[in-house]
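Here is a short tour of a protein chain for someone who likes to have the model open while reading.

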Amino acid sequence: MNEKLLRVDTVYGMLCDGKSRSDILRNCAELWNLSPRMADNYIAEARTKLEDDCRMSREAFMAEALAGYRSLRAQAERRGQLMCAKQCLDAQIALVGLSK
């Protein structure tokens with residue numbers, strides 16, 4: 001089951017990168033020796049996942065983005081990359097509209 005999830009996630013990434021169906025079929029055949037029919041099943045599942053992600057509410061997206069910036073900022077601070085940490089903080093401030 002984990003292998004299937006990994007494959008669907010990989011196909012999801014290909015869709016996000018704008019790969020065509022024929023590109024994805026070729027990659028699935030090369031990576032996992034899959035038939036076009038099986039690859040189409042993965043494409044269908046990945047498209048469903050992509051549609052679900054697109055239905056994300058503005059609030060959920062904002063929370064996810066802020067969490068990402070917080071994580072990046074913490075990593076930058078631990079590494080002493082203060083300019084990067086400041087840029088993350090500036091992006092957070094702009095995202096929530098406090099920079100106006």
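## The model and its confidence

What you are looking at is a predicted model. The average pLDDT of the chain is 93, and 99% of the residues score at least 70. By element, helix H2 has the highest confidence, at 96, while helix H4 (residues 58-78) has the lowest, at a mean of 93.

## Overall layout

The chain has five helices and zero strands, which gives the pattern α-α-α-α-α when read along the sequence. Its radius of gyration is 19 Å, well over the 13 Å that the globule rule gives for 100 residues, so the chain is more spread out than a compact globule. Along the principal axes, the C-alpha atoms fill a box of roughly 50 × 30 × 25 Å.

Of the 100 residues, 21% count as buried. If you take contacts between residues at least 6 apart in sequence, 47% of them join residues at least 24 apart.

## Helix H2 and its neighbours

Helix H2 covers residues 21-32, twelve in number. From its first C-alpha to its last it reaches 16 Å, close to the 16 Å expected at 1.5 Å a residue. Its buried residues are Ile 24, Leu 25, Asn 27 and Cys 28. Viewed down the axis of H2, these buried residues fall within an arc of 165 degrees, so they line one face of the helix. They pack against helix H1 (2-16) and helix H3 (36-54).

Leaving aside residues up to four places away in sequence, Cys 28 touches Val 11, Asn 33, Leu 34 and Ala 39.

## The nonpolar core

The largest nonpolar core has 13 residues, and those touching the most other members are Val 11, Ile 24, Cys 28, Tyr 42, Ile 43 and Ala 46. H1, H2 and H3 are the elements that give two or more residues to this core, and H1 gives the most, with five. As a general point, nonpolar side chains tend to be buried together in soluble globular proteins.

Arg 7 is also worth a look. Arg 7 lies in helix H1 and is buried, with a relative accessible area of 12%. Not counting residues up to four places away in sequence, Arg 7 touches Trp 32, Leu 34 and Tyr 42. Tyr 42 is one of the core residues listed above, and Leu 34 is also among the contacts of Cys 28.

## Helix H4

Now move along to H4, which has 21 residues and reaches 30 Å from its first C-alpha to its last, close to the 30 Å expected at 1.5 Å a residue. Which residues of H4 are buried? They are Ala 65, Leu 66 and Ala 76. Seen down the axis of H4, they fall within an arc of 100 degrees, so they line one face of the helix.

Helix H5 (82-96) is part of what covers these buried residues. On the other side of H4, Glu 59, Glu 64 and Arg 78 are exposed. H4 is followed by Gly 80, whose phi is positive, near 75 degrees.

Conventions:
Residues numbered from 1 in each chain as written. Predicted model: local features only at pLDDT ≥ 70, side-chain atom pairs only at ≥ 80, totals over all residues. Heavy atoms only, no water. Helix = DSSP H or I, 4+ residues; strand = E, 2+ residues; numbered from the N terminus. Expected span 1.5 Å × (residues − 1). Buried < 20%, exposed > 50% of the residue type's maximum accessible area, 1.4 Å probe, protein only. Arc of directions from axis to C-beta. Contact = heavy atoms within 4.5 Å. Core = buried A, V, L, I, M, F, W, Y, C linked by side-chain atoms within 4.5 Å. pLDDT = per-residue confidence, 0-100. Rg over C-alpha atoms; globule rule 2.2 N^0.38 Å.
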